Amino acid sequence: MRIIVQAEPFDAGAEITALHAGNPAIGAVTSFTGYCRDEGGQLEAMELEHFPGMAEDALRAIATEADNRWPLMGITIIHRYGRLKPGEPIVLVATASAHRRASFEAADFLMDFLKTRAPFWKKEHPANPENKAHWVEAKASDDADTERWQIED
Amino acid sequence: MKMLYFAWVRERVGTGEETLDVPKDIATASALKAWLAARDEGYAYAFEDPAIIRVALDKTLVEDETPLAGAREAAFFPPMTGG
């Protein structure tokens, strides 16, 4: 498992290659990249605060759950923090497995849990200086998304 | 005991980190929130809706009734918005 919390941007292509490299038994790699949207030009920047130490622990715990649940051959999670501009990547989740189903589902699962269990907080800085910066509120739909993974037996 | 505050909890309290002498009769995470809320206006504002403030003891998320049980660090923050 490659779990990284960093301020710097990442290279999704290089991470996908690295995940697959050296293991020809891997037949599937799924990746998800989350970007900072520009909100129709309304966003100047997004500030991402995090809890150092707990952020890595939480991402590792989520990755371990995925690893226990699906036959995976590799997991990469990279989550950035700091001041990000619209268009910049925020998070990368990539999973490797022999066949596609495990890889697809694990990536989906990881993002659902990352949304609610990773100690990061987003603050939006509006482009219009008359508007105040505000903290993004957690969404009930994100909690609902995690519940759908319980219904599996 | 070390206290950590994040996001708007940090902004309202006025600091991200401090060390406090917590009285021995403060036994649970929710008791700690109530004790902090009473410190001054900033804390009261931060903890005005204590139910939504999440707590992590020694970097593990806990429920309100979880005993403090010698934890070295308590962190307080709004629901997470990562990803």
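1. Which side chain of chain A does B:Glu11 meet in a salt bridge? It is that of A:Lys123, with N to O at 2.5 Å. Please keep in mind that this is a predicted model. Between chain A and chain B the count is two salt bridges, and the interface also holds 10 residue pairs in polar contact, both partners at pLDDT 80 or more.

2. On to where the chain A side comes from. Strand S3 (43-50), helix H2 (54-69), helix H3 (100-117) and strand S7 (120-126) of chain A each give at least two residues to the side that touches chain B. H3(A) has the largest share, with five residues. Sorted by class, this side of chain A has 13 nonpolar, four polar and seven charged residues.

3. Now the extent of the contact. Chain A contributes 24 residues and chain B 19 residues. Together the two chains bury about 1700 Å², with 63% of it on carbon and sulfur atoms. Within chain A, the most area is lost by A:Phe51, A:Met54 and A:Trp121, which together make up 36% of what that side buries.

4. Four strands form an open sheet in the order S1-S4-S6-S2, with mixed pairing. Strand S1 (2-6) and strand S2 (28-35) of chain A are at the edges with a single partner strand each, so one side of each has no neighbour in the sheet. S1(A) pairs with strand S4 (residues 72-80) of chain A in the parallel sense over five bridges; A:Arg2, for instance, has A:Thr76 in S4(A) as its bridge partner.

5. Finally, the helices on this sheet. H2(A) packs against S1 and S4 of chain A, its direction making about 155 degrees with that of S4(A). H3(A) lies across S2, S4 and S6 of chain A and runs at about 145 degrees to S6(A).

Key
Residues numbered from 1 in each chain as written. Chains lettered and ligands numbered in written order. Predicted model: local features only at pLDDT ≥ 70, side-chain atom pairs only at ≥ 80, totals over all residues. Heavy atoms only, no water. Contact = heavy atoms within 4.5 Å. Buried area = accessible area lost by both parts, 1.4 Å probe. Salt bridge = Lys/Arg side-chain N within 4 Å of Asp/Glu carboxyl O. Polar contact = N/O pair within 3.5 Å; in protein donor to acceptor, adjacent residues only side chain to side chain. Nonpolar A, V, L, I, M, F, W, Y, C, P; charged D, E, K, R; others polar. Pairing = 2+ DSSP bridges. Axes fitted to C-alpha atoms, helices over the stretch in contact; angles between N-to-C directions.
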